[in-house]
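Please keep the model open while reading.

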Amino acid sequence: MSQLYCSAISSFSTDGVLSPLDQERRSLNTFQEIDRALMACGRRDLCPVGIELYLAMEFDLAWLGRQLRGRSEAPVKNEDRPVNVAQFFGSISVAELEVAAAEIDKMVLENCGARKIVAFATFLPEIARSDDLRNPSREEAVAALSNILRLGRLLRSKYSHPVAVVEAVAGSRFRTLKKDIPASIGKRKKKKAEYQMLLDDEETVLRRVLHSLDEAIKNAVADGSLDELPCISVELEPGPYFSVRNELSLRRFAAELTKSPRLSAKVGFNLDISHWRIANVRSPEDWQDRLIKDRISHAHISGHHRTAHFGDCLPVEKDWQEFLPWFRLLEELCSDESQQARKKSGLTPFSTYVSVEMEAAGRSEDVVLMFEQLSRHLRMP
C-alpha cells in the first residue's frame with residue numbers, strides 16, 4: 001500500500017536553498033539545521049524525505065542566472081526592480097535548461113543531503129493576464145511554465161529526482177490601479193489622490209488560466225511525451241483577487257478540466273490545507289461527490305491566522321485536530337486503489353507528499369518545531 005510522505009518547501013530560508021553558503025555568517029542551511037535538531041533528539045525518522053524547490057527565491061534565481069553563461073540580467077534584489085520570474089524562466093534556452101538541471105542537482109545534493117526534489121513551487125500569477133498587458137506578459141509566464149515543466153522532466157530522467165508536480169498559483173484577477181485625483185475646490189486644499197483597483201471578471205480569468213495551462217503543457221510536450229512531464233498542481237489563494245479562491249471556483253475549475261483530455265491528465269489541485277480552511281472549503285467528510293477529491297494531486301500544510309494569510313506560523317493544538325480529516329483524505333489518496341482508479345480514468349495521480357510550508361519563517365527553530373508537531377499527528381514511514 002502506498003504511503004504518505006513528508007517534504008519541505010525551500011521558501012522558509014530567505015538565503016535561498018541553492019545559494020552558496022556564507023560560512024562566516026552561517027555554517028548550516030535550514031535543511032541541515034532541521035536534520036541536526038531532529039537527530040539530536042533521536043527523531044531521525046522525522047527528517048523530511050523530499051524537497052519542494054521554490055523557484056521564485058531571489059538569491060536562487062541570481063545564483064542560477066550566473067551559472068547560465070553569467071547572465072548580466074539575472075534578477076538581483078533591489079528597491080526598483082522586483083524579481084521577474086516569468087521573464088527569467090521564459091527566456092531560458094533548451095541548452096541552458098540542461099545546464100540548470102545539472103547545477104540544481106549538484107547544489108541540492110550539497111545543501112540538502114540525500115534528499116530528492118519531489119515538486120516545484122512557483123509564483124506566476126501572470127498566466128491570467130490580458131494579452132494587452134506587459135512586463136511581464138501572459139506569453140512570458142506561459143513560456144516560463146513550459147520551461148519549468150521541461151526542467152522537471154530533465155531532473156526526473158537524468159538525475160532521478162521524482163519531480164511529481166509543479167505547484168502554480170491559478171492566476172490573479174488584478175488588472176491595474178486607477179488613480180483618481182480630485183480637483184481643488186476654491187481655496188480649499190486639494191484632496192489626496194485615491195486609487196481604484198480594477199479586476200477582470202471571473203469567467204474571463206478562468207478561460208485565460210485554462211488556455212495558458214494548456215498552452216504551457218502543449219509547448220513542453222513538443223520535444224517529449226505527455227507522460228514524461230510533471231503534473232501542474234493549481235493553488236487555491238484565498239481572497240477576491242484570484243481566479244481559484246473558494247469551493248465554488250474549485251468546482252468550476254474541475255468541471256472545465258473534464259472537457260480536455262490533456263488538461264484532465266496533467267492538471268490537478270494543490271490541497272493547501274491552511275488556504276482551503278481560510279477560504280471556508282468544507283471538510284472532505286461533507287463533500288457529496290468526488291469532483292474535487294479526484295483532482296487533488298499534491299498537498300501543503302502550515303499554520304495560519306484564522307481569517308487571513310499574513311504568513312505561515314505554528315499551528316495550535318486545536319488546528320491539528322481540525323487538520324485530521326484532511327490527513328485522512330491524503331492517506332486515502334495515497335492508496336493503490338485510489339491511484340489505479342485515477343490512472344484508469346485519465347486523471348492526475350496524487351504525488352504521495354505533503355509539504356511543510358513555513359514561508360519566510362522568522363526563526364529556523366519554528367521550522368523544526370513544525371516537523372516535531374507534525375510527527376505527533378501524521379503517520380510517517
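At what angle do helix H10 and helix H11 pack, and how far apart are their axes?

## Basis of the model

The model is predicted, so local features need pLDDT of at least 70 and side-chain atom pairs count only at pLDDT 80 or more, while totals for chains, interfaces and linings use all residues. Residues are numbered from 1 along each chain as its sequence is written, and side-chain values use heavy atoms, with hydrogens and water left out.

## Helices H10 and H11

Helix H10 (residues 317-334) packs against helix H11 (residues 336-345) at an angle of about 65°, and their axes are 4 Å apart. Glu-332, Leu-333 and Cys-334 of H10 make the contact with Asp-336, Ser-338, Gln-339 and Arg-342 of H11, where contact means heavy atoms within 4.5 Å.

## Backbone in two loops

Asn-135 and Pro-136 are joined by a cis peptide bond with omega of about -5°. Asn-135, in the loop between E3 and H5, has a positive phi near 55° although this residue is not glycine, and Asn-135 is exposed at a relative accessible area of 65% (buried is under 20%, exposed over 50%, partly exposed in between, with a 1.4 Å probe and protein chains only).

Thr-352, in the loop between H11 and strand E10 (353-356), likewise is not a glycine and has a positive phi of about 75°, but Thr-352 counts as buried, at 15% relative accessibility.

## Met-197

Met-197 is found in strand E6 (residues 194-199) and counts as partly exposed, because its relative accessibility is 36%.

Key. Axes fitted to C-alpha atoms, helices over the stretch in contact; angles between N-to-C directions.
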